[in-house]
Amino acid sequence: MAGLGLKAKVASAHMARAPAAIKNRALAGLAALLRQSVDALQAANQRDLDRATAAGLAAPLLDRLKLGAKDLDTVARGCEQLAAMPDVIGEIIGMKQQPSGIRVGQMRVPIGVFGMIYESRPNVTIEAASLAIKSGNACILRGGSEAIESNKALAALVQQALIEAGLPADAVQLVPTTDREAVGQLITMPQFVDVIIPRGGKGLIERVSRDAKVPVIKHLDGNCHVYVDDPCDIAMAVKIADNAKTQKYSPCNAAESLLVARGVADAFLPKIAAIYASKGVEMRCDRAAAHVLLAQSSNKAVANLEGLMAWATEQDWYEEYLAPVISIKVVEGLDEAIAHINKYSSHHTDAIITRDHMHAQRFLREVDSASVMVNASTRFADGFEFGLGAEIGISTDKFHARGPVGIEGLTSLKYVVLGDGEVRG
């Protein structure tokens with residue numbers, strides 16, 4: 001690990017001074033290699049999937065492990081999107097003349113070396129590597145043991161793209177061992193590593209946060225909410241609540257809690273319940289939500305809720321299910337919805353569905369989360385969807401980087417002073 005750290009530190013100096021055109025050439029080359037290597041990458045991924053299935057890996061983790069053609073196309077397009085974006089390294093902002101005559105501003109510079117520790121999702125290898133290249137950083141990647149074959153195949157393409165563009169291969173290194181002790185080493189090397197980014201289960205992130213000797217950018221949970229306001233467009237609310245929960249169950253931006261204003265509960269709940277029931281989603285309801293649904297049990301659309309409806313407990317309001325389960329609560333209105341979210345949310349992503357502009361503005365201002373949305377699915381909380389090209393992860397911290405962490409989240413600002421012989425009196 002010390003060897004990897006030293007090589008990363010040396011490579012980071014080369015990356016920091018690399019011209020934008022060279023970095024963009026590496027990204028374009030990586031996108032081309034990914035598209036040319038779909039069959040080989042999926043073969044490596046299948047070996048991981050076979051081993052993980054035999055080991056009894058949980059379904060949500062198997063889903064995250066799978067590297068489909070669509071996933072590969074998305075990360076390739078992410079590389080191209082990054083290549084097309086302006087290079088922020090070296091830009092100077094906020095330059096102001098001071099009474100002394102000096103001009104003071106801030107320059108955006110790479111962080112240096114970041115360590116990335118992640119589980120299951122092999123696409124993170126490309127997201128992390130492409131962001132490291134664009135932001136002029138070096139990185140050390142430690143993926144999960146369940147994805148080792150996929151990650152090795154992807155990392156080999158990254159290093160090929162770097163070499164072909166004239167950049168050091170050591171700018172992106174994959175930890176070649178699945179030994180967990182490698183994580184303990186990586187998070188305690190401040191002489192080589194400037195920041196650690198864990199992306200995975202709560203146990204991993206808690207361990208890294210507890211033991212790291214370098215700064216950590218993290219989020220623990222993705223307990224995301226959709227609040228259906230009064231007034232709202234019921235058809236829009238049904239569409240968004242369905243997509244936010246069922247488009248994919250395993251991501252951290254999938255909705256886990258549904259809050260419904262009392263004034264629209266009778267109109268909205270039977271419609272969304274029918275959709276959830278048809279998709280096998282278990283609904284853990286408070287008494288008010290259950291009363292609305294049971295009162296309409298004669299309605300054919302909601303008559304098949306048996307086995308899919310349960311009483312919500314206090315713990316359900318905190319839960320990140322990552323599965324076809326959602327908690328449902330009827331609230332009096334906006335004030336109770338905001339209070340509930342700020343108490344139980346993991347401060348990841350929360351959305352309001354409303355026709356009331358003032359309600360939307362209050363929700364945006366008062367909900368204390370990294371991403372807050374109006375009339376849109378929580379599934380958009382993603383670096384690619386936000387136009388960042390890719391993301392290194394989603395931060396629920398309040399310092400430096402918050403929300404999807406893209407290029408700017410992997411940079412730092414330093415003060416620059418321009419003078420013409422001024423001295424302090």
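1. Arg47 is partly exposed in this predicted model: its relative accessible area is 44%, which lies between the limits of 20% and 50% and therefore places the residue in neither the buried nor the exposed class. The side chain of Arg47 meets that of Glu149 in a salt bridge, with an N to O distance of 3.7 Å. This pair links distant parts of the chain, since Arg47 belongs to helix H3 (residues 38-54) and Glu149 to helix H7 (residues 148-164), 102 residues apart. Glu149 is likewise partly exposed, at a relative accessible area of 27%.

2. A second pair to note joins Asp397 and Lys218, whose side chains form a salt bridge of 3.1 Å, N to O. Both residues sit in loops: Asp397 between strand E14 (394-395) and strand E15 (403-404), and Lys218 between helix H9 (202-211) and strand E7 (224-228). The two are 179 residues apart, and the pair thus links distant parts of the chain. Asp397 is buried, with a relative accessible area of 11%, whereas Lys218 is partly exposed, at 22%.

3. Because Lys279 lies in the loop between helix H11 (262-278) and strand E9 (282-285), while Asp242 lies in helix H10 (residues 234-246), the pair ties together parts that are 37 residues apart in sequence. Lys279 is partly exposed, with a relative accessible area of 40%. Asp242 counts as buried at 16% relative accessibility, because the cut-off for that class is under 20%.

4. On the charged pairs as a whole, the structure holds 21 salt bridges. Salt bridges also link Arg35, Asp73, Arg77 and Glu80 in a network.

5. The largest nonpolar core comprises 72 residues. Within that core, the residues with the most contacts are Leu34, Phe114, Met116, Val193, Ile196 and Ile392. Another core, of 44 residues, lies apart from it and includes Val228, Ala244, Ala261 and Ile326. In soluble globular proteins, nonpolar side chains tend to be buried together.

6. Phe114 may be inspected individually. When neighbours within four places in sequence are set aside, Phe114 is in contact with Ala128, Ala132, Asn137, Ala138, Cys139, Ile140, Val193, Val195, Ile197, Ile392 and Leu410. Among these partners, Val193 and Ile392 are themselves listed with Phe114 as residues with the most contacts inside the largest core.

Notes: Residues are numbered from 1 along each chain as its sequence is written. This is a predicted model: local features need pLDDT of at least 70, side-chain atom pairs count only at pLDDT 80 or more; totals for chains, interfaces and linings use all residues. Side-chain values use heavy atoms; hydrogens and water are left out. A nonpolar core is a set of buried Ala, Val, Leu, Ile, Met, Phe, Trp, Tyr and Cys residues joined through side-chain atoms within 4.5 Å. Buried means under 20% relative accessible area, exposed over 50%, partly exposed in between (1.4 Å probe, protein chains only). Contact means heavy atoms within 4.5 Å. A salt bridge is a side-chain nitrogen of Lys or Arg within 4 Å of a carboxyl oxygen of Asp or Glu. Helices (H or I, at least four residues) and strands (E, at least two) are DSSP runs, numbered from the N terminus.
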